[in-house]
Amino acid sequence: MEFAELIKTPRADNVVLHRPFYLAVEGTLCLTGHHLIFSSRRQDNAEELWLLHSNIDSIEKRFVGSLGTIIIKCKDLRIIQLDIPGMEECLNIASSIEALSTLDSVTLMYPFFYRPMFEIIEDGWRSFLPDQEFELLSSVTEEWRLSCINKEFSVCPSYPPVVMVPKSIDDEALRKVAMFRHGSRFPVLSYYHKKNGMVMMRSSQPLTGTNGRRCKEDEKLINATLRPGKRGYIIDTRSLNVAQQARAKGGGFEQEAHYPQWRRIHKCIERFNILQESLIKLVEACNDQSHNMDRWLSKLEASNWLTHIKEILTAACLAAQCIDREGASVLVHGTEGTDSTLQVTSLAQIILDPRCRTIRGFESLVVREWLQAGHPFQQRCAQSAYSNSKQKWEAPVFLLFLDCVWQILRQFPCSFEFNEQFLIMLFEHAYASQFGTFLGNNENERSKLKLPQKTMSLWSWVNRSEELSKFQNPLYEANSLVIWPSVAPQSLQLWEGVFLRWNRPSKFLDEAHEEMINIIKYNKELQAKVNALRRQLAEMETDDRMQENL
Amino acid sequence: LCHFFAQVENVRLLDRLSSRKTALGTLYLTATHVIFVENGSETRKETWVLHSQISSIEKQATTATGCPLLIRCKNFQVIQLVIPQERDCHDIYISLIRLARPVKYEELYCFSFNPKLDKEEREQGWKFVDLNEEYNRMGIPNNYWQISDVNRDYGVCDSYPTEVYVPKSATAHIIVGSSKFRSRRRFPALSYYYKDNNASICRSSQPLSGFSARCLEDEQMLQAIRKANPGSDFIYVVDTRPKLNAMANRAAGKGYENEDNYSNIKFQFIGIENIHVMRNSLQKMLEVCELKSPSMSDFLWGLENSGWLKHIKAIMDAGIFIAKAVAEERVSVLVHCSDGWDRTAQVCSVASLLLDPYYRTMKGFMVLIEKDWVSFGHKFNDRYGNLDGDPKEISPVIDQFIECVWQLMEQFPCAFEFNERFLIHIQHHIYSCQFGNFLCNSQKERRELKIQERTYSLWAQLWKNRADYLNPLYRSDHSQTQGTLHPRMAPYNFLFKFWSGMYNRFEKGLHPRQSVTDYLMAVKEETQQLEEELEVLRERLANLQKSQFYDNKVKSKQQDQSKQLGLSTSNSCLANTPQEYSNDLKSFPSRSPSQGDEEDSALILTQDNLKSSDPDLSANSDQESGVEDLSCRSPSGGSCLPSEDSGKDSDEAVFLAI
């Protein structure tokens with residue numbers, strides 16, 4: 001298919017762009033296969049706006065006489081308005097944008113066409129490989145092995161080719177366990193807590209069904225992770241009620257009779273359309289231009305967004321607490337084990353593991369616990385807060401995770417190597433990107449699409465020092481401790497950086513951030529100067545002494 | 001030794017958030033404080049509560065474990081005690097009721113508080129804020145404004161200061177005439193003068209207009225205010241009350257200005273609710289703060305239903321309106337409410353703060369409170385219940401102003417010289433009665449009581465500790481510190497946030513565990529030391545280079561000197577490594593100056609006066625969390641304290657609610 005077929009009017013002049021906090025600008029609008037480009041014609045202050053079609057969540061058109069207006073709502077929550085003279089031009093442009101922003105085929109997406117303008121120092125597709133992770137693990141324990149059972153994605157389509165499993169469990173047993181778990185997602189290692197050797201595993205629900213099926217290999221696998229005499233916790237991210245209902249559909253939960261060393265805890269983390277609706281309501285409230293303080297709080301409350309944040313964080317804290325405080329191993333699952341499960345396991349690692357609070361470590365966490373673990377990014381992030389499609393599989397699961405990380409970051413502002421911008425960047429790229437990293441729903445699909453060969457990795461771009469400097473937290477000082485966030489409502493806040501990003505003037509906050517950087521930069525410069533002088537003096541003094549001795 | 005009214009052993013202090021953290025100890029009652037000393041000699045946690053901070057005491061039904069006593073404080077601390085014997089509990093309850101409600105000013109803490117300063121230091125302290133100096137700074141007296149002595153013996157208005165600034169054309173006759181037409185004779189007087197364009201903010205009480213009454217002198221007075229600003233042909237009269245309230249007042253012979261009677265005024269209502277609505281609103285919000293493990297919905301609903309943030313926004317909106325009128329429209333404004341001592345004070349001070357960067361400095365903020373609140377007769381005694389009085393008079397008027405400042409600080413992080421701690425400590429001392437500044441209801445009463453001769457000034461004390469109150473992001477040459485602030489106030493572009501640092505002040509577990517402010521202050525401190533060291537090193541280098549040209553004798557001598565110098569500087573740089581300076585980097589709650597010296601118990605109980613000069617001391621000195629914060633911030637904290645982690649303070653029960 002040629003994009004040109006979809007673009008009837010590739011260019012319109014005298015278009016006026018409206019954005020909050022900026023004066024309206026007149027300029028030229030151009031459409032290309034993947035971008036909407038607006039460039040102002042004013043010589044003194046030429047500026048360009050590039051918008052990926054895939055970033056466009058919804059589009060509305062209005063007409064007053066022959067002046068058409070298009071309102072474009074983006075997945076990154078920005079809203080812009082374009083006034084386009086000429087009804088035909090406007091209609092053409094609107095229909096082109098609609099078509100180009102809803103392309104069916106993944107291979108038509110921009111990452112397949114994008115040619116990087118920067119020098120690639122490190123191929124991000126090879127930055128975080130399971131072998132490296134296993135090597136790290138092997139240096140502290142020998143109880144685990146790397147299994148290639150899923151090499152051809154033949155056992156579990158949503159798992160990566162290699163997974164970490166208990167050494168004592170062979171591939172044959174794993175195959176049987178896979179049959180007993182939803183979507184074949186058998187329990188695998190998610191995190192090893194060096195401090196006390198406790199582990200966190202994740203899986204999907206067991207297929208116990210109504211007649212209480214059991215699987216000896218499953219029980220054996222899970223028990224293999226326990227130290228002698230120790231107990232473990234199974235954190236089911238569904239309420240007991242939901243878990244019980246799942247039995248009717250063949251799913252279910254671990255019966256304590258069959259897993260006597262394990263205690264099951266039910267948490268209630270919402271899924272799918274409930275989360276999507278929550279996001280839609282929240283963004284609606286944030287965009288409400290009325291000046292009424294009253295309704296704001298009840299709208300915020302009604303969106304339930306912060307309730308979801310609280311629930312997810314609480315479950316993650318619980319998992320971390322079981323591991324670090326109770327000295328118990330943990331298995332986390334919900335139904336499929338691809339959404340709430342990953343929220344919990346990844347957040348628990350941020351709480352427990354200082355490495356996950358570094359930039360590199362956080363990237364590795366996203367790769368391991370989200371991309372390789374088979375969170376269906378393409379389905380979940382197909383649409384955002386302005387969509388009308390209401391597909392069941394769309395849900396801001398990853399955004400909720402990032403929001404939770406931001407909440408912890410806010411409570412421990414000196415313990416993270418990255419800043420808020422880093423999280424916002426990940427949010428943007430999960431929804432629309434020039435990079436292939438978040439395309440596809442699992443490693444299987446990514447390998448079929450040949451993403452590593454045909455597209456650029458987000459990490460190749462981010463991990464260059466030019467980009468990294470934007471995402472570094474000036475206050476960072478490595479903190480080797482477990483960090484326990486507060487989950488009380490008083491401690492949780494709306495993430496303004498995302499939800500009020502386009503509506504609030506950020507000048508003063510940016511200035512504050514700059515000032516912080518300056519204070520610390522100046523301190524470091526002085527430190528360097530003092531050290532250099534000290535060295536110089538020491539050298540001169542030794543020279544002197546040597547001369548004296550002569 | 002201090003005299004104890006009572007001493008009860010085996011008392012339990014409950015932790016609101018966690019049942020695991022109940023502490024067993026001894027309760028002491030002194031003339032000024034309730035003190036709980038935890039058993040167990042190692043940490044010796046102490047909780048000090050000033051009697052004047054107590055807002056309510058509740059004796060709850062006796063249980064098998066004892067008799068619970070609930071003490072709520074005006075600085076938002078809530079203390080839950082369980083006393084083994086019902087009889088002891090009753091005695092404590094009765095004593096506290098009496099002690100928390102003094103009937104004479106002389107019973108208040110400031111009359112016994114002795115910070116060990118001599119007479120001269122005390123007098124200097126009181127001179128620290130000088131309002132004449134402040135009006136001079138504004139550029140007054142000038143061609144349009146002058147000081148009037150019409151109220152020199154409080155003869156015209158007993159709740160006004162003796163020195164009042166009025167338009168030059170307002171004669172004594174006009175002032176007195178106008179005062180007779182105003183509630184409690186609070187005639188229009190200058191609050192703030194905007195040098196750049198001659199516009200001003202004046203304040204008064206409501207006119208006694210009823211349905212039709214007029215007063216020529218009052219009309220002349222407003223005319224005089226307008227004339228004092230030649231650049232504008234009208235003035236705004238801002239009534240900060242809701243229109244309905246103002247209309248109701250007409251039936252009582254009071255009311256508001258009729259535009260037809262006054263030449264060239266534009267009249268404007270700004271609906272800020274009265275003290276009773278505000279008191280109830282705070283009450284409702286505090287109930288939300290006190291909820292045990294509330295859900296997000298409970299919390300947000302409760303916050304919304306309390307209406308608190310709506311009221312804060314109303315005050316802010318009024319301040320913004322006035323600042324805009326003055327700075328942008330160049331129009332003078334007369335502000336009043338009913339008596340002109342609550343809402344008027346709030347609004348005038350918010351507007352001044354927006355208009356003039358000086359009030360955003362530490363000293364300037366003290367001056368602002370002195371100007372708009374203390375001198376103009378804000379009824380501190382009645383509003384904050386210092387002496388036993390009518391509970392219906394109590395209302396968090398200045399608390400709201402302080403919160404407005406905090407909300408502005410959130411929006412303009414570089415604009416204020418002071419930090420959040422400064423605001424919290426001022427709030428604490430408005431209620432503590434430890435310093436004389438906020439005693440009584442008016443200047444007249446304070447003078448009669450000879451406050452300045454018998455008590456100390458808070459401002460000098462805060463100034464002495466100003467290093468603790470600095471905002472590291474403030475730079476006097478920064479663009480945010482210049483000129484008028486233009487805040488955004490719609491929810492969609494600025495969030496009014498719940499201020500947990502104030503209203504859940506004593507629940508440290510709810511606050512961010514690392515303080516950006518403290519971290520940056522420590523960095524700046526280190527930077528300063530580095531600058532000094534750099535200077536020394538450069539000198540040494542220069543000397544050394546010079547010495548190489550001299551003969552050997554001279555050289556070796558100098559070298560000796562520089563060696564000594566070198567030793568001392570390298571010592572001080574050793575003390576400069578992050579591990580070391582993190583010791584100065586105490587967490588917010590434990591950072592206060594006098595807490596470092598935790599003496600032994602006997603000393604503490606004898607020197608209670610000194611110790612409790614620090615507002616944070618009345619809190620649980622939670623050393624555990626202090627240690628934890630330290631170890632979190634220090635880069636090598638982990639290796640120093642391998643077994644510690646920040647989980648110490650977190651409430652595990654929260655997560656483990658299975």
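**Burial, salt bridges and strand pairing in a predicted model**

Me: Why is Arg145(A) called buried?
Reply: Arg145(A) has a relative accessible area of 18%, and buried means under 20%, with exposed over 50% and partly exposed in between (1.4 Å probe, protein chains only), so Arg145(A) counts as buried. This is a predicted model in which local features need pLDDT of at least 70 and side-chain atom pairs count only at pLDDT 80 or more, whereas totals for chains, interfaces and linings use all residues. Side-chain values use heavy atoms, without hydrogens and water, residues are numbered from 1 along each chain as its sequence is written, and chains are lettered from A and ligands numbered from 1 in the order in which they are written.

Me: What makes the contact of Asp171(A) with Arg145(A) a salt bridge?
Reply: The closest N and O atoms of Asp171(A) and Arg145(A) are 2.6 Å apart, and a salt bridge is a side-chain nitrogen of Lys or Arg within 4 Å of a carboxyl oxygen of Asp or Glu, so the pair qualifies. Asp171(A) belongs to helix H4 (residues 171-180) of chain A and Arg145(A) to strand E8 (residues 144-147), 26 residues apart; helices (H or I, at least four residues) and strands (E, at least two) are DSSP runs, numbered from the N terminus.

Me: Why does Asp171(A) count as partly exposed?
Reply: Its relative accessible area is 24%, so Asp171(A) falls in the partly exposed class.

Me: Why is Lys116(B) called exposed?
Reply: Lys116(B) has a relative accessible area of 60%, and therefore belongs to the exposed class. Lys116(B) sits in the loop between helix H1 (86-99) and helix H2 (119-127) of chain B, and its phi is near 60°, a positive value in a residue other than glycine.

Me: How do you know that E1(A) and E2(A) pair?
Reply: Strand E1 (residues 11-18) of chain A and E2(A) share 5 bridges in the antiparallel sense, and two strands pair if DSSP finds at least two bridges between them, so the two strands count as paired. One of the partners of Arg11(A) to be named is Cys30(A) in E2(A).

Me: What makes strand E2(A) largely enclosed by the rest of the structure?
Reply: Strand E2 (residues 25-31) of chain A has 7 residues, of which 5 are buried, so the strand is largely enclosed. E2(A) also pairs with strand E3 (residues 35-40) of chain A, in the antiparallel sense over 5 bridges, and a hairpin joins E2(A) to E3(A) through 3 residues.
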